[in-house]
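Good morning, and thank you for the time.

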Amino acid sequence: MRFVQLDTPRPISKIGLGTWQFGSREWGYGADYEHRAADIVRRALDLGVTLFDTAELYGFGRSERILGAALGDQRDKVVVASKIFPVLPVASVVQQRAVASAARLGVRQIDLYQVHQPNPVVADTTTMRGMRALQDVGLVGEVGVSNYGLRRWQFAEAALGRRVLSNQVRYSMIDRRPEDDLIPYAEQAGRIVIAYSPLAQGFLSGRYDAKNPPSGAVRRANPYFLPENLERGAELIDTLRQVAEAHDATPSQIALAYLLRHPNVVAIPGASGVEQMERNAAAAEIDLADDQYAALRDAAHRFRPVTGLAAAPKLLRARMGK
Ligand SMILES: NC(=O)c1ccc[n+]([C@@H]2O[C@H](COP(=O)([O-])OP(=O)(O)OC[C@H]3O[C@@H](n4cnc5c(N)ncnc54)[C@H](OP(=O)(O)O)[C@@H]3O)[C@@H](O)[C@H]2O)c1
């Protein structure tokens, strides 16, 4: 396993494990997934993964419970990252919610405590006052944010008066916006961009096509899985396959390796089974050649999915089975 080269109390692996899937029915993995989830965590530990990402929102606390139980006595040796869903993130609420998350996880300290998304009304000044108090009593190690733009990330740092170590954002070969400003900032300031949905929720695995879309409410609501977009993505998947073949790897592994080229980026793919976890961890070892990287980047540029408002009626029709 490779790690981010930063001065953090514990090393942070370039591939972490995302656990939204744990205890969340909307992924459609069925009741026995809870047992597989524990196996996935244990295998990740074996493979040297140190970053485990969860949130109070995932399965309304179930993900935190499943993750904490599966980590067992390894909890204090890895980096456990959770998130507060900021409905009313004033200082006192931030403190109460951290206590509740730590209890569900069974940890004395949440190594990385993140604000799940910016609150449009409550300023980060009060949120970060709560975070600072949590750090001062040792309940929180590092503070992070998620889905923040660069200016708000920097404002949050000023409000905290300390580093806000990471910004967790959607970042995959087909969502490359973080490359504009967040990643350059992370590299210059010694921060981390945590890439969520790094496989575009499985779109980049090449497993799905217009005749065989994934099931489950999460991906039914994701415009990338509209039949039209799955068709438009065929060329990109082909390029991923070609590069994968040269590395004796899979398209998913190449899609992850593409992101991990940036030294201050880590990716936290979710996994529906142990084998995926194994493959994802192995992706940290893949070094893409410059011409392979360029071919992937160009193919990604050419992919023009239907998204936003244009996708809304199509998504509705797909959900109604028409
Ligand atoms: N901060 C935020 O707002 C936010 C938002 C979203 C996610 N997240 C975090 O980021 C994590 C990852 O994002 P995500 O789950 O949305 O998307 P993702 O990691 O891009 O996709 C995960 C899905 O891809 C498939 N997959 C994983 N590894 C694979 C492999 N090696 N080969 C083939 N398919 C593979 C699996 O689905 P199938 O096997 O069913 O195809 C898996 O459930 C989440 O678990 C969560 O912790 C954070």
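Let me begin with Ser146, which is buried because its relative accessible area is 1%; buried means under 20%, exposed means over 50%, and partly exposed lies in between, with a 1.4 Å probe and protein chains only. Before I continue, please note that this is a predicted model, in which local features need pLDDT of at least 70 and side-chain atom pairs count only at pLDDT 80 or more, while totals for chains, interfaces and linings use all residues. Residues are numbered from 1 along each chain as its sequence is written, and side-chain values use heavy atoms, with hydrogens and water left out.

Ser146 belongs to strand S5, residues 140-146. Strands here are DSSP runs of E with at least two residues, helices are runs of H or I with at least four, and both are numbered from the N terminus.

Asn147 itself sits in the loop between S5 and helix H5 (150-160). With a relative accessibility of 30%, Asn147 is partly exposed. Its phi is near 60 degrees, a positive value in a residue other than glycine. Phe60 is not a glycine either, and has a positive phi of about 50 degrees. Phe60 lies in the loop between strand S2 (51-53) and helix H2 (62-71), and its relative accessibility of 73% makes it exposed.

I turn now to the aromatic residues. A pair of aromatic rings is described by the distance of the centres and the angle of the planes. The structure holds twelve aromatic pairs. Rings of Phe, Tyr and Trp (the six-membered ring of Trp) pair if their centres lie within 6.5 Å; planes under 30 degrees apart count as stacked, over 60 as edge-to-face and the rest as tilted.

One of these pairs joins Phe22 and Tyr33, edge-to-face, with 6.0 Å from centre to centre and 70 degrees between the planes. This pair links distant parts of the chain, eleven residues apart: Phe22 is in the loop between strand S1 (17-18) and helix H1 (33-46), and Tyr33 is in helix H1. Phe22 counts as buried at 1% relative accessibility, and Tyr33 is buried at 3%.

Why is the pair of Tyr258 and Tyr293 stacked? The ring centres of Tyr258 and Tyr293 are 4.6 Å apart and the planes meet at 20 degrees, so the pair counts as stacked. Since Tyr258 lies in helix H10 (residues 251-260) and Tyr293 in helix H12 (residues 290-302), the pair ties together parts 35 residues apart in sequence. Both Tyr258 and Tyr293 are buried.

Tyr293 has a further neighbour, for Arg261 lies over its face, 4.4 Å from the ring centre. Likewise, Arg152 lies over the face of Tyr148, at 5.4 Å from the ring centre. The criterion is that NZ of Lys or CZ of Arg is within 6 Å of the ring centre and within 35 degrees of the ring normal.

An aromatic cluster is formed by Trp20, Phe22, Trp27, Tyr29, Tyr33 and Tyr58.

Tyr29 brings us to the ligand. Which of the 32 residues around the ligand come nearest? They are Tyr29, Arg207, Tyr208, Arg219 and Ser272, where near requires a heavy atom within 4 Å. The shell divides into eleven nonpolar, 16 polar and five charged residues. Here Ala, Val, Leu, Ile, Met, Phe, Trp, Tyr, Cys and Pro count as nonpolar, Asp, Glu, Lys and Arg as charged, and the others, Gly among them, as polar. Helix H11 (residues 274-283) supplies the largest share of the shell, three residues.

A backbone N or O atom of Leu199 lies 2.8 Å from a ligand oxygen, and a backbone N or O atom of Thr19 lies 3.3 Å from a ligand oxygen. A polar backbone atom of Ala200 is likewise 3.3 Å from an oxygen atom of the ligand. The protein covers 94% of the 900 Å² of accessible area that the ligand has on its own, as calculated by the Shrake-Rupley method with a 1.4 Å probe; for residues, only the protein chains shown count as cover.

Definitions and conventions. Polar contact = N/O pair within 3.5 Å; in protein donor to acceptor, adjacent residues only side chain to side chain.
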